[in-house]
Amino acid sequence: MSLDAYVHISHAPASGQPLIFAFHGTGGDETQLAALVRKLAPRAGVVSPRGDVYEGGAKRFFRRTGEGVYDMDDLATRTDKMAGFVAAHKARHPQVPVLGVGYSNGANILASVVLQQAGLFDGVALMHPLIPWSPAANPGLAGKDVLITAGKRDPICPFPMTQDLAAYFTDQGAQVDLVTHPGGHEIRPEEFTALAGFLNRNAAASAR
């Protein structure tokens with residue numbers, strides 16, 4: 001486990017507030033979601049890593065061989081690395097709820113980590129995820145707060161696959177909220193509203 005496995009932004013949480021990990025999309029960096037998370041949950045802690053894989057100059061968290069075609073061996077290696085990074089930062093803030101927020105490629109690495117080590121996160125917000133495989137049953141997901149947002153005409157993340165992912169989490173006993181809009185891969189206002197709700201309810205729960 002290494003606190004510095006990635007270039008990252010880090011802000012400690014205020015007393016009683018959650019620690020939120022933010023994962024950017026392809027071509028973004030550690031600043032892409034960090035400011036948004038701090039705006040929506042100003043007293044929460046934030047850790048936002050920069051992807052260390054490059055595709056045509058665009059930063060990502062794991063390799064792929066084509067649109068929607070993942071290098072699964074590389075994904076497994078990068079998932080282990082990210083899980084260690086999350087665990088190291090989580091250990092600095094014991095007994096603090098830990099949340100994850102990811103968009104596109106960031107949602108995919110976040111989902112992969114959660115599927116491998118469900119205990120690292122209390123809740124996750126997956127914005128436009130694409131999980132092109134059938135995850136194994138995972139009882140550790142029971143009770144997790146899972147927000148999934150999607151565009152019904154997303155050319156990168158086909159909506160039926162998003163529905164399958166939401167159904168999978170529901171079948172594992174997670175509390176799932178699926179929020180959609182009629183557009184594509186862009187993030188629309190209803191998604192920001194849903195994300196604010198997700199962060200606020202988890203911040204309120206941690207403060208009790």
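A salt bridge is taken here as a side-chain nitrogen of Lys or Arg within 4 Å of a carboxyl oxygen of Asp or Glu, and a search of the whole structure finds ten of them. The structure is a predicted model, in which local features need pLDDT of at least 70 and side-chain atom pairs count only at pLDDT 80 or more, whereas totals for chains, interfaces and linings use all residues. Residues are numbered from 1 along each chain as its sequence is written, and side-chain values use heavy atoms, with hydrogens and water left out.

Helices (H or I, at least four residues) and strands (E, at least two) are DSSP runs numbered from the N terminus, and two strands pair if DSSP finds at least two bridges between them. Seven strands form an open sheet of mixed pairing in the order E1-E3-E2-E8-E9-E10-E11. Strands E1 (8–11) and E11 (175–181) stand at its edges with a single partner strand each, so one side of each is left without a neighbour in the sheet. Within the sheet, strand E9 (residues 123–127) pairs with strand E10 (residues 145–151) in the parallel sense over five bridges, and Met 127 stands opposite Thr 149 in E10. Helix H3 (residues 105–116) packs on the sheet, touching strands E2 (19–23), E8 (98–103) and E9, and its direction makes about 140° with that of E8; contact means heavy atoms within 4.5 Å, while axes are lines fitted to C-alpha atoms, for helices over the stretch in contact, with angles running from 0 to 180 degrees between N-to-C directions. Helix H4 (residues 159–171) likewise packs on the sheet, where H4 touches E9, E10 and E11 and its direction makes about 170° with that of E10.

In helix H2 (residues 72–91), the buried residues (under 20% relative accessible area; exposed is over 50%, partly exposed in between, with a 1.4 Å probe and protein chains only) include Leu 75, Met 82, Phe 85 and Val 86. Their cover includes E1, E2, strand E3 (45–49) and H3.

Among the salt bridges, that of Arg 201 with Asp 145 has its closest N and O atoms 2.8 Å apart. This pair links distant parts of the chain, with Arg 201 in helix H5 (residues 189–207) and Asp 145 in strand E10, 56 residues apart. Arg 201 is partly exposed, at a relative accessible area of 36%, whereas Asp 145 is buried at 13%. The side chains of Glu 55 and Arg 60 also meet in a salt bridge (3.9 Å, N to O), in which Glu 55 is partly exposed at 30% relative accessibility and Arg 60 is buried at 2%.

Conventions
The expected span of a helix is 1.5 Å times one less than its number of residues.
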